[in-house]
Amino acid sequence: MAAALNPGEEHTKFVTWAEENGVQIDGIAPAKFVDRGMGIVAAKDVKKGDRLVHVRNTSLVHVALPSIRNLKVPEKVPVHGRLAAALALWYSDPSHEQYRIWQNVWPTEADFQSTMPFFYNESLQDLLPQAAANLLRNQRTKLEKDWADLHPHIPAISKDLFTYTWLIVNTRTFYWEYPDLPNSHPRLPRKRTQLTADDCYAMCPFMDYFNHSDIGCDPQSDSKGYSVTADRDYKAGEEVFVSYGKHSNDFLLAEYGFILESNQNDSIPLDHLLLPLLTKDQVEALKEDGFHGNYTLSPRDPIVCHRTEAVLRLLVLDHKRYSSFVGGDDDGSKEQGRVDDYLVQILTKYSRQIIDILDEVESLKADRVGSNKGRRTSSRSTASTKVPIRAEHKDTLLRRWKQIRDLVNTAIGALSQ
């Protein structure tokens with residue numbers, strides 16, 4: 001059990017503010033953990049099923065709030081950008097005191113810079129695993145588009161500040177379906193079935209303290225707000241986690257800046273290994289059958305997903321045998337050995353590539369980085385080519401590639417039996 005330390009006066013003040021603003025807290029408290037930042041601990045012995053926190057619906061921060069609805073920004077700006085713009089305006093306005101105490105306990109810009117691949121040196125970004133690199137690329141694309149759409153309408157906000165609040169939204173929001181959807185916001189669809197995950201953002205003061213585990217409490221929402229209920233018994237002083245969802249370590253790294261040492265939901269994509277092997281006709285066949293892309297390798301059974309089994313059969317067998325498999329007429333067991341052997345060859349080659357990547361990461365020299373506890377930094381903060389190679393970034397990247405190496409080698413062993 002990690003030692004939980006007193007979080008400090010700002011966090012104590014925030015708990016009081018939260019309770020005065022519609023957050024019910026029972027049996028838990030924020031705490032500071034050495035080398036891990038903030039989290040939640042059981043302040044007393046807690047029983048499975050106890051409600052630990054409830055954030056009233058009127059305490060949530062989302063785009064249906066009048067203060068956000070009234071922002072003079074183009075309707076094309078998505079929910080993420082709208083929330084980030086509102087947070088930036090509130091943060092930069094000394095007269096806006098409503099959320100100041102909450103803002104004081106957010107991660108600082110320096111916290112993000114020490115953990116997020118968004119702020120890695122370009123040399124390290126170039127060596128990110130494929131899935132994490134793709135997610136980072138999507139982040140940058142979305143951020144740049146939001147900034148381009150918003151900047152002419154909110155010139156008082158700097159790009160550094162907007163980047164900071166955009167990452168706050170990215171890392172600290174919960175899924176919220178707007179119970180009063182028809183009257184929520186003109187930017188949102190009128191019908192619930194038309195809502196997408198990109199529409200359903202809400203910030204939950206206090207609940208954003210919880211750290212993630214692949215096994216933890218499951219946050220639940222309804223028209224009254226958001227709640228966290230204990231998934232098991234907890235002893236006083238034990239950290240209480242929530243589950244952000246069934247996410248791989250590449251997702252957690254790119255989106256939140258950390259990886260789990262043990263993650264039962266971990267997996268790695270195989271698209272970059274398998275798609276280049278396909279002919280044009282094979283690509284068309286897979287697209288027509290709905291099996292093009294999204295191939296994964298898992299540390300648990302089944303080691304490869306059904307989609308991967310399908311593309312491997314198209315690569316190894318004739319089209320008739322492939323069609324029988326994807327059509328459900330043949331379970332594919334007769335040719336399983338050939339298919340497994342083919343995948344082992346691909347994974348063995350990839351394992352050698354991983355060794356080279358590990359050597360390349362190891363060879364990079366980390367620079368000393370001074371401490372910076374403030375929120376704002378210079379405009380250089382978002383330029384990966386101008387930031388140093390930080391030891392903590394290098395260490396995280398090495399640990400992730402070693403996890404991928406172990407996953408691949410374990411799969412090779414299992415498939416070779």
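What percentage of the 417 residues in the chain do buried residues make up? Buried residues make up 53% of them, where buried means under 20% relative accessible area, exposed means over 50% and partly exposed lies in between, with a 1.4 Å probe and protein chains only.

1. Basis of the note. This is a predicted model, in which local features need pLDDT of at least 70 and side-chain atom pairs count only at pLDDT 80 or more, while totals for chains, interfaces and linings use all residues. Residues are numbered from 1 along each chain as its sequence is written, and side-chain values use heavy atoms, with hydrogens and water left out.

2. Overall dimensions. The C-alpha trace spans about 70 × 50 × 50 Å along its principal axes. A compact globule of 417 residues would have a radius of gyration near 22 Å, and the 24 Å of the chain agrees with this; the radius is taken over C-alpha atoms, and the globule rule is 2.2 Å times the number of residues to the power 0.38.

3. Secondary structure and contacts. The chain has 15 helices and 13 strands, these being DSSP runs numbered from the N terminus (H or I with at least four residues for helices, E with at least two for strands). Among contacts between residues at least 6 apart in sequence, 71% join residues at least 24 apart, a contact meaning heavy atoms within 4.5 Å.

4. Surface and charge. The accessible surface comes to about 20,200 Å², of which 49% belongs to carbon and sulfur atoms; the areas come from the Shrake-Rupley method with a 1.4 Å probe, and for residues only the protein chains shown count as cover. The mean positions of the 51 positive and 57 negative charges are 4 Å apart, with Lys and Arg counted as positive, Asp and Glu as negative, and His and the chain ends not counted. Each charge is placed at NZ of Lys, CZ of Arg, CG of Asp or CD of Glu.

5. Helix α7 (residues 130–150) has 21 residues and reaches 30 Å from its first C-alpha to its last, close to the 30 Å expected at 1.5 Å a residue, the expected span being 1.5 Å times one less than the number of residues. Its buried residues, among them L136, L143 and W147, pack against α3 (79–92), α6 (122–125), α8 (159–172), α9 (249–256) and β12 (268–269). Helix α8 has 14 residues and reaches 20 Å, close to its expected 20 Å, and is mostly covered, with 13 of its 14 residues buried.

6. The loop residue P117. P117 lies in the loop between α5 (109–115) and α6, and counts as buried because its relative accessibility is 1%. Leaving aside neighbours within four places in sequence, P117 is in contact with Q125, L128, L136, L253, A254 and G257.

7. Backbone geometry to inspect. Most residues other than glycine have a negative phi, and most peptide bonds are trans. A cis peptide bond joins D301 and P302, with omega about -10 degrees, and P302 is in the loop between β13 (296–297) and α12 (306–316). Y178, in the loop between β6 (173–175) and β7 (201–203), has a positive phi near 55 degrees and counts as buried at 1% relative accessibility. N294, in the loop between α11 (280–289) and β13, has a positive phi of about 65 degrees although it is not a glycine, and at 58% relative accessibility N294 counts as exposed.
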